[in-house]
Amino acid sequence: MKFYWGPHTCAIGIHILLEEIGVPYESEKLDVAGGAAQQEPFKSINPKGKVPTLVRDDGTVMTEYGAIATWLARTNPDKGLIPADPEAERRGLEIMDYAIGTLHLQGFGRLFKTELYEPQDMVHQTLKLGQDSVKRQGRQIIDQALAILDREMVGRPYVAGETLTLGDTALFYAERWAPQEGIALPPHLAAHFERMIARPAVARVRAVWGEA
Ligand SMILES: N[C@@H](CCC(=O)N[C@@H](CS)C(=O)NCC(=O)O)C(=O)O
């Protein structure tokens, strides 16, 4: 398998799953901030121009965080990355979906890709009038999502209960952006973040990413 990632991106969560599982894989770092995900040769591999991307040994390409994470968990059932209890599974998926769909794409997306959310008329584009309000809106979405997720984590070391499951890696990658953007994590998320940081698989990935 070949795993494509870029510094600062959500791909760190899939990298952690690969290390937690212990499957053999190659990896390739892309200069995502410099536009490499939108250019060849990567664009022909994943026309969506996004990481994480995982290419299987038969050449088939997997994209979308939830799909890749679920496939990795289901093909390595001994790792317990999908809870056996349906209610715990639902909880974990609910948190994963909210971390990806709302906290990441609607919240942090407005901070990282502000220009995509700006009004497209000439006046706004020239004077950059829309940027502050887009960033404010992103910050409101982030604050609300962090508060909701913090309540979800009361009394739970991991998103679905007592052990790590796939949703933890999605929550972790989004938690990791908060301090980088000067946003304090609320206490239960801060504790979850530290719990993740303490895992050997996370330490190995952070060393590769130049963060440790
Ligand atoms: N819906 C995708 C989103 C992935 C995504 O937004 N990836 C960002 C990095 S966090 C990316 O690759 N951006 C590259 C670009 O826009 O050029 C998923 O769930 O995997």
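Biologist: In helix α1, which residues are buried?

Modeller: Buried means under 20% relative accessible area; exposed means over 50%, and partly exposed lies in between (1.4 Å probe, protein chains only). In α1, the buried residues are Ala11, Ile12, Gly13, Ile14, His15, Ile16, Leu17, Leu18, Glu19 and Ile21. Note that this is a predicted model: local features need pLDDT of at least 70, side-chain atom pairs count only at pLDDT 80 or more, and totals for chains, interfaces and linings use all residues. Residues are numbered from 1 along each chain as its sequence is written, and side-chain values use heavy atoms, leaving out hydrogens and water.

Biologist: Why is α1 largely enclosed by the rest of the structure?

Modeller: Ten of its eleven residues are buried, so the rest of the structure largely encloses α1. Helices (H or I, at least four residues) and strands (E, at least two) are DSSP runs, numbered from the N terminus.

Biologist: What do the buried residues of α1 pack against?

Modeller: Contact means heavy atoms within 4.5 Å. The buried residues of α1 pack against β1, β3, α3, α8 (166-180) and α10 (200-208). Gly22 follows α1, and its phi is positive, near 85°.

Biologist: In what order do the strands form the sheet?

Modeller: Two strands pair if DSSP finds at least two bridges between them. Here four strands form an open sheet, ordered β2-β1-β3-β4, with mixed pairing. β2 (26-29) and β4 (61-63) are the edge strands, each pairing on one side only. From one strand to the next, the twist averages 20°.

Biologist: How many bridges join β3 to β4?

Modeller: Three, and the two strands run antiparallel. Leu54 stands opposite Met62 in β4.

Biologist: Which strands does α1 touch, and how is it directed?

Modeller: Axes are lines fitted to C-alpha atoms, for helices over the stretch in contact; angles run from 0 to 180 degrees between N-to-C directions. Helix α1 (residues 11-21) packs on the sheet, touching β1 (2-5) and β3, and its direction makes about 150° with that of β1. Helix α3 (residues 65-74) lies across β3 and β4, at about 120° to β4.

Biologist: Which residues are closest to the ligand?

Modeller: A residue counts as near if one of its heavy atoms lies within 4 Å. The ligand is surrounded by 13 residues, the closest being Gln38, Lys50, Val51, Glu64 and Tyr65.

Biologist: Where does a polar side-chain atom of Lys50 lie?

Modeller: It lies 2.9 Å from an oxygen atom of the ligand. A polar side-chain atom of Lys113 lies 3.1 Å from a ligand oxygen atom.

Definitions and conventions. A polar contact is a pair of N or O atoms within 3.5 Å; within protein, one must be able to donate a hydrogen and the other to accept it, and residues adjacent in sequence count only if both atoms are side-chain atoms.
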